[in-house]
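Work through the exercises below with the structure in view. Each task is followed by a solution in steps.

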Amino acid sequence: MSNNIPLEIQTEIMKRLPVKSLLRFRSVSKSCKSLIDSSDFIKHYIGQQQHLLVRCYDCVAHFEKQPMSIVDDDSLPTQTASVTLPSLVEYPNLIGTSHGLFCFYGPSSGRAVIFNPCIRTTLAFAVPRVTNDRLYRTVIGFGVCRHTTDPKIVKITLTKKSDRHINSPWQVGVFTVSTSTWRSAYSTNLPRNSISIYMNQVVVDGCLYWLASDGLVNECSYLIVSFDLTSEEFREVNLPDSLAQFHGSLALSLYKLRESLAVIKDGVEANKRVYHVWMMQDDSFIKLYTINSSHSPDVSILRVCGFRKTGQPLIELSEAHPGSTSILAAYDPYSKSITNIRNDGNYSSYTVYSYMETLLLL
């Protein structure tokens, strides 16, 4: 950059550039490389480009197609690139995303893999195994501490539901990348023994969230358990009755909606599948809108897969005729317009993960 521009302004400009440009600038000079590689620059990098990682599973042939990364801006869905997931786990079970990093876990190998898709950096770590997997199960969480930008893996050992009478307390271990060691969580304020959490997690504003149920109240009485990645304290968040007291199979799912936690409840009303979208504000929940699955006579909405940067829901569509084609699309809940994003042919199933560009692990 020009020597007429103060270094502080040059640095602020560079913090807003795409990661791909910064990787090229590292080859320009030693001073550029030193700046970009510095821990302070990496910690405060604020690149605004957001992506959608789209994974597609062929439900007939039983294999995963090549994942794609799609730039989530006004050009959607034109800017795409294929993504090769790390091969260090036997099957890439994605635990969660945080600060642009992905965490995979292989239960049989007992290994967690943290992956930065922008710079293609991978770190692998051993996860201690459960001593008795007949009585206990393990839930793995992942997130980046917002104050230190240190990635953390959380290992929670719980009593299996079928053996709830054992009433065993939670066992919680925390792994930090900066130390490469496992330790106990800072806080000993653990959730009640009767609470069981589900596998899927969401990271919002430095907190991990899991959907949970309380076995002592009712098998279908739901709540949310959170874990602060800085203080490492757990909290129980109550859901409104219309979400907590649901009778039937599990019908709630958690997502990140902009910088808030969203809860989606799917059900059947008037013989039509509907999806109610709720958002958490402080510790309460407000209902935003309802998505009706019958968009047109020829197309129906199978499920909600997540949200775009704009807040638009990402949905999976199915055509009504035999041998129907699955389509990933963006849905505008107010105009009810649909924008197709990806079509992978018959009998496909999509999962979508939103992530920002980051230099962490550089």
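**Exercise 1. Salt bridges of Arg146**

Task: In this predicted model, find which residue forms a salt bridge with Asp205, and state how far apart the closest N and O atoms are.

Solution. 
Step 1. The partner of Asp205 is Arg146, and the closest N and O atoms are 3.1 Å apart.
Step 2. Asp205 is in the loop between β13 and β14 (207-214), while Arg146 is in the loop between β9 (136-144) and β10 (151-159). The two residues are 59 residues apart, and the pair links distant parts of the chain.
Step 3. Arg146 has 35% relative accessibility and therefore counts as partly exposed.
Step 4. Arg146 also meets the side chain of Asp228 in a salt bridge, at 3.9 Å from N to O. Because Asp228 lies in strand β15 and Arg146 in the loop between β9 and β10, this pair ties together parts that are 82 residues apart in sequence.
Step 5. Asp228 has a relative accessible area of 17%, so Asp228 is buried; the cut-off for buried is under 20%.

**Exercise 2. Aromatic pairs**

Task: State how many aromatic pairs a search of the whole structure finds, then describe the pair of Phe175 and Trp182 and the pair of Tyr198 and Tyr222.

Solution. 
Step 1. The search gives 9 aromatic pairs.
Step 2. Phe175 and Trp182 form a tilted pair, with 5.4 Å from centre to centre and 55° between the planes. Phe175 is buried at 3% relative accessibility, whereas Trp182 is partly exposed at 26%.
Step 3. Tyr198 and Tyr222 form an edge-to-face pair, with 6.5 Å from centre to centre and 70° between the planes. Tyr198 lies in strand β13 (residues 195-204) and Tyr222 in strand β15 (residues 222-228), so the pair ties together parts that are 24 residues apart in sequence.
Step 4. Tyr198 counts as partly exposed at 21% relative accessibility, while Tyr222 is buried with a relative accessible area of 5%.
Step 5. Phe125, Phe175 and Trp182 are linked into a cluster by ring pairs.

**Exercise 3. An open sheet**

Task: Give the order of the 4 strands in the open sheet and name its edge strands.

Solution. 
Step 1. The order is β17-β18-β19-β20, with antiparallel pairing.
Step 2. The edge strands are β17 (252-257) and β20 (284-292), each of which pairs on one side only.
Step 3. On average, neighbouring strands of this sheet are turned by 30° against each other, direction ignored.
Step 4. Strand β19 (residues 272-281) and β20 run antiparallel and are joined by 8 bridges. Val277 has Tyr289 in β20 as its bridge partner.

**Exercise 4. A surface patch**

Task: Which residues make the nonpolar surface patch of about 220 Å²?

Solution. 
Step 1. The patch is made by Ile5, Ile9 and Ile13.
Step 2. Ile13 is in helix α1 (residues 7-14).
Step 3. With a relative accessible area of 37%, Ile13 is partly exposed.

Key: Residues are numbered from 1 along each chain as its sequence is written. This is a predicted model: local features need pLDDT of at least 70, side-chain atom pairs count only at pLDDT 80 or more; totals for chains, interfaces and linings use all residues. Side-chain values use heavy atoms; hydrogens and water are left out. Patches are made of residues with over 30% relative accessible area and no salt bridge: like charges are joined within 9 Å, nonpolar side chains (Val, Leu, Ile, Met, Phe, Trp, Tyr) within 5 Å. Accessible areas come from the Shrake-Rupley method with a 1.4 Å probe; for residues, only the protein chains shown count as cover. A salt bridge is a side-chain nitrogen of Lys or Arg within 4 Å of a carboxyl oxygen of Asp or Glu. Buried means under 20% relative accessible area, exposed over 50%, partly exposed in between (1.4 Å probe, protein chains only). Two strands pair if DSSP finds at least two bridges between them. Axes are lines fitted to C-alpha atoms, for helices over the stretch in contact, and angles run from 0 to 180 degrees between N-to-C directions. Rings of Phe, Tyr and Trp (its six-membered ring) pair if their centres lie within 6.5 Å; planes under 30 degrees apart count as stacked, over 60 as edge-to-face and the rest as tilted.
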